[in-house]
Amino acid sequence: MSQAPFHTPLIPPPFLSHLGGRIDEREDCIEVTLELKPEHCNSRKVAHGGVMMTLLDVCMARAARAKRRLDGQDDHGASTIEMKTSFMHPGLGPVLVARGVCLQRTSTMAFCEGEIRDPAGHIVARASGTFKFVNPRTRVTGNDA
């Protein structure tokens with residue numbers, strides 16, 4: 001009997017759910033949307049950099065996973081190997097939308113880009129990331145060293 005994937009494509013990971021984010025799979029990208037709340041902001045009342053990096057990480061990882069499914073392979077998740085982020089404009093709400101695309105993938109890795117825009121259309125942040133597809137036989141239990 002095969003095991004079901006432990007990640008479901010459009011169910012947000014727990015941390016994104018905690019933030020209140022939503023994932024939408026579009027034809028050409030993955031979108032992650034977040035309605036900014038005071039707890040998402042820094043002392044300057046703009047989106048905290050860590051919140052924005054979370055949106056970028058999720059949209060890129062999900063783009064990698066979507067590409068893998070589109071290519072007819074099983075989706076067991078993807079782990080971030082490296083991520084570079086450039087912040088270009090203050091993250092002003094009320095809503096931020098991150099869009100991620102998979103530029104290239106191999107059997108084990110994916111190379112992705114993402115960007116966040118505010119309601120005025122400003123590019124708030126851009127990122128590139130490398131992701132490793134999760135081996136279904138390897139599960140992290142939280143007790144591993």
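1. A salt bridge here is a side-chain nitrogen of Lys or Arg within 4 Å of a carboxyl oxygen of Asp or Glu. Counted this way, there are twelve salt bridges. Please keep in mind that this is a predicted model, where local features need pLDDT of at least 70, side-chain atom pairs count only at pLDDT 80 or more, and totals for chains, interfaces and linings use all residues. Residues are numbered from 1 along each chain as its sequence is written, and side-chain values use heavy atoms, with hydrogens and water left out.

2. Arg26 is partly exposed at 41% relative accessible area, while Asp24 is buried at 19%. (Buried means under 20% relative accessible area, exposed over 50%, and partly exposed in between, with a 1.4 Å probe and protein chains only.) Both residues belong to a network of salt bridges that links Arg22, Asp24, Arg26, Glu31 and Arg99.

3. Next, look at Asp75 and Arg69: their closest N and O atoms are 2.7 Å apart, forming a salt bridge. Asp75 is buried, with 7% relative accessibility, and Arg69 is partly exposed at 26%.

4. Finally, Arg126 and Glu115 form a salt bridge at 2.9 Å, N to O. This pair links distant parts of the chain, eleven residues apart: Arg126 lies in strand β6 (residues 123–133) and Glu115 in strand β5 (residues 109–117). Strands are DSSP runs of E, at least two residues, numbered from the N terminus. Arg126 is partly exposed at 30% relative accessible area, whereas Glu115 is buried at 15%.

Technical notes:
Helix = DSSP H or I, 4+ residues; strand = E, 2+ residues; numbered from the N terminus.
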